[in-house]
Amino acid sequence: MIACASTPHRSQHGVSGLLRTPPCPTAGGHLERRCPPPCPERYRAMVDLGAGCGLRQGEIFGLPADEIDFDSGWLHIACQIKVANGHLVFGAPKRNKERDVPLPSRVARVLTDHMDEYPPVEISLPWLRPDGPLVTKRLVFTRMGGEGAVRRTDFNVRIWKPALVEAGVIPHPAPGARHQSAREHGMHALRHFYASVLLDAGENVKALSQYLGHADPGFTLRVYTHLMQSSESRTRRAVDGMYECIDSVPDGPGTAQGS
């Protein structure tokens, strides 16, 4: 079940809000997913990329428009934005592991709406090191003014954590104090949400590992084994489904002769 707060938003296609908590099994074995009020309009599509495609925060910040293949329905993840010695730089994804990720049609529509409203901007950053060669990419997401790449610390402090406060996930900070540390409620929780959705739908661990960019399926299995449906549950559903199909076949001459 997905329970969403009723809040106005520009796009009717996307998640349109932050996740209140990382998805977790309920007593009945089902996953509960909740999405409270959305973050600023300029960054709402980030939530869909995290929850709908499993991208890391730096990969979202560094997503170039030309790596989105709307026709085939795939994202090519070959870049991220990170901080090196206090400076923003482009770099390869974690462990230099490029990958292709399925682009669901609903997320594609969210990105199309976003790019119509906020056209991609050419951003030049050094590669890997502050003194590295300059690389230019047309980024889907930029700073609030539309100039410059998004810096993780600025985004987390000024955008993400205030949204968590609005959602009631973390408390309002005391006057002059910083927001509460909320590592478990960071943007990485969107990847856990994505993984839980795929596992709940029966996706295999090898495919999930590839989409998440993990080093190997064994790591994915260790991280998410608690979210996987038990084999006995799948067996019961499969056999019960077979009997339901049999029960739906009307008795006829052939059935009578075989009885």
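Let's start with Arg56. Leaving out residues up to four places away in sequence, Arg56 touches Lys94, Arg95, Arg99, Arg191, Leu212 and Gly213. Contact here means heavy atoms within 4.5 Å.

A word on the source. This is a predicted model, where local features need pLDDT of at least 70, side-chain atom pairs count only at pLDDT 80 or more, and totals for chains, interfaces and linings use all residues. Residues are numbered from 1 along each chain as its sequence is written, and side-chain values use heavy atoms, with hydrogens and water left out.

Where does Arg56 lie? In the loop between helix 1 (44-53) and helix 2 (57-61). Helices are DSSP runs of H or I, at least four residues; strands are runs of E, at least two; both are numbered from the N terminus. Arg56 is buried, at a relative accessible area of 11%. Buried means under 20% relative accessible area, with a 1.4 Å probe and protein chains only.

Now the rings. How many aromatic pairs does the structure hold? Three. Rings of Phe, Tyr and Trp (its six-membered ring) pair if their centres lie within 6.5 Å; planes under 30 degrees apart are stacked, over 60 edge-to-face, the rest tilted.

Take Tyr43 and Phe155. Their ring centres are 5.5 Å apart and their planes at 90°, so this pair is edge-to-face. Tyr43 sits in the loop between strand 3 (31-35) and helix 1, and Phe155 in helix 4 (residues 152-167), so the pair ties together parts 112 residues apart in sequence. Both Tyr43 and Phe155 are buried.

Next, Phe155 and Trp160. Centres 6.3 Å apart, planes at 35°, so tilted. Trp160 is buried too, at 5% relative accessibility.

To finish, ring pairs link Tyr43, Phe61, Phe155 and Trp160 into a cluster.

Terms used. Buried < 20%, exposed > 50% of the residue type's maximum accessible area, 1.4 Å probe, protein only.
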